[in-house]
Amino acid sequence: MSGPVNIGLLGLGTVGSGVVRLLQQNGALIAQKLGRPLKISRVLVRERNRPRQVEVDPTLLTTDADGIINDPDIHIIVEVMGGTDAAREYILKAMERGKSVVTANKDLLALYGKELFDAAASNGVDLFFEASVGGGIPIIRPLKECLAGNKIRQVMGIVNGTTNYILTKMSREGRDFQEVLREAQDLGYAEADPAADIEGDDAARKMAILASIAFNTRVTYSDVYREGISRITTQDISYAADLGYVIKLLGIAREDEEGIEVRVHPALLPGNHPLASVNDVFNAIFIEGDAVGEAMFYGRGAGSMPTASAVVGDIIEAARNLNYQTRGRITCTCFYDKPIKPVGTINTKYYLRLLVVDRPGVLAAIAGVFGDREVSLASVIQERMLGELAELVLITHRVREQNLQDALKVLAGLPVVKEIACVVRVEGGENV
């Protein structure tokens, strides 16, 4: 092929505008690297006459998706419109017409990844999705290609910038959750409805994608156990710091002889863990492989230009394949069907904060409940008095999740236990 590589861009919001801006800014450099220019030929928008974040030739704008997808002169479809139903329809149509696809759509991949990869394979086209996890952080291609010779043991990461910003601010400034959430919304880091971020849904979709690649088995969004950060208080953050930990919303994926565990929840991390120093809106993904050992990928996990960086990198790769008339080289690698472990079977440590009646024998009663259910306590600290109640902070040794949950149900029924205020898992180290 000669001449420009023509791109059909579906969506001109935050990410789409970044893609246009990056191609305008670095188009000459990209053409030198690729050997031919990249050209945005058509852009799908909802309304043609609304104000834009970037200057685009108005004649390129259209509300007709089929006109882009069916255009024989368009070589690559770039989907950055978001959502699942329309995006899925357009991507499948594009593949049927022999066009490679670049997408940033984590929701779509976490729900319909198998269908999309099957369609890419059957039509002999590329499906690239680097921007779906980690914004501008290269992680999909490293997992699929650079680390392909490894057996991956674990993927653990901070993959949501909104929650990381909130927890960082709470930790540094001693401010409560709701106050910092409002600030994050004012700054544009959190949506008006922040549930997808603060309840762990966004991170769960990303972990489904990463786990599928890392362990070569299909993991979907519904397979991922998730908890959010709304119950974390500044008091818990302070107590964690006293014990040598920081609290982060973690995505965790591990494999052992029993299967795959994939979960998203707040966790105490040792202060010396590489992920502990990842703050503000930054993301990081920590990987353990049998050959590479430990590796961490760090950078901006969202935003117009960081995400556009990943999208444009995928466009260049798809265009390079067109140059050499070789597409679909790296297809779906989910060739196993490994069991997903129920969360009750995982083993980890726990931080617990209880409010109890301050009288003799209470601690013995609590310890007895834990002991009956094979939950071993590593430390028990009485932090402060709240009226007539004592606040206890407990750290367990490694224990099966179901055993701990059974013990908590019994504790909740004890008259001397007034509140189980916080339960957070402890990850990333063996020493308490």
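**Working chat: strands, helices and cores**

Student: Start with β13. How many of its eleven residues are buried?

Tutor: Ten of the eleven residues of β13 are buried, so the strand is mostly covered. Buried means under 20% relative accessible area, exposed means over 50%, and partly exposed lies in between, with a 1.4 Å probe and protein chains only. Strands (E, at least two residues) and helices (H or I, at least four) are DSSP runs, numbered from the N terminus.

Student: And what are we looking at here?

Tutor: This is a predicted model, where local features need pLDDT of at least 70, side-chain atom pairs count only at pLDDT 80 or more, and totals for chains, interfaces and linings use all residues. Residues are numbered from 1 along each chain as its sequence is written, and side-chain values use heavy atoms, with hydrogens and water left out.

Student: Back to β13. How many bridges join it to β17?

Tutor: Eight, and the two strands run antiparallel. Val356 stands opposite Val417 in β17. Two strands pair if DSSP finds at least two bridges between them.

Student: What about β15 and β16?

Tutor: β15 pairs with β13 over seven bridges, in the antiparallel sense. Leu354 has Leu392 as its bridge partner in β15. β16 is joined to β13 by two bridges, also running antiparallel. There, Asn347 is partnered with Arg400.

Student: Which elements do the buried residues of α13 pack against?

Tutor: They pack against β13 (347-357), α12 (362-372), β15 (389-396), β16 (399-400) and β17 (417-426). Contact means heavy atoms within 4.5 Å.

Student: Which residues of α13 are buried?

Tutor: Glu401, Asn403, Leu404, Ala407, Leu408 and Leu411. They cover an arc of only 160° around the axis, which puts them on the same side of α13. The arc is that of the directions from the helix axis to the C-beta atoms.

Student: How far apart are the end C-alpha atoms of α13?

Tutor: They are 16 Å apart. That agrees with the 16 Å that twelve residues (401-412) should span at 1.5 Å a residue. The expected span is 1.5 Å times one less than the number of residues.

Student: Now the nonpolar core. Which residues touch the most other members?

Tutor: In the largest nonpolar core, of 80 residues, they are Ile139, Leu143, Val155, Ile166, Leu210, Ile287 and Tyr351. α9 gives the most to this core, with ten residues. Another core, of 34 residues, lies apart from it, including Val43, Val45, Phe128 and Ala131. A nonpolar core is a set of buried Ala, Val, Leu, Ile, Met, Phe, Trp, Tyr and Cys residues joined through side-chain atoms within 4.5 Å.

Student: What does Ile139 touch?

Tutor: Leaving out residues up to four places away in sequence, Ile139 touches Glu130, Val133, Leu210, Ile285, Ile287 and Phe297.

Student: New topic: cysteines. How many disulfides are there?

Tutor: Zero, in a search of the whole structure. A disulfide is a pair of cysteine sulfur atoms within 2.5 Å.

Student: How do β1 and β2 pair?

Tutor: In the parallel sense, over six bridges between β1 (residues 5-10) and β2 (residues 38-44). Val5 stands opposite Leu38 in β2.

Student: Last two. Is Tyr245 buried or exposed?

Tutor: Tyr245 is buried, at 5% relative accessibility. It is in strand β9 (residues 245-256). Its C-alpha atom is 8.9 Å from that of Val426, 181 residues apart along the chain.

Student: And where is Gly371?

Tutor: In helix α12. Gly371 is partly exposed, with a relative accessible area of 45%. Gly371 and Leu147 are 43 Å apart, C-alpha to C-alpha, and 224 residues apart in sequence.
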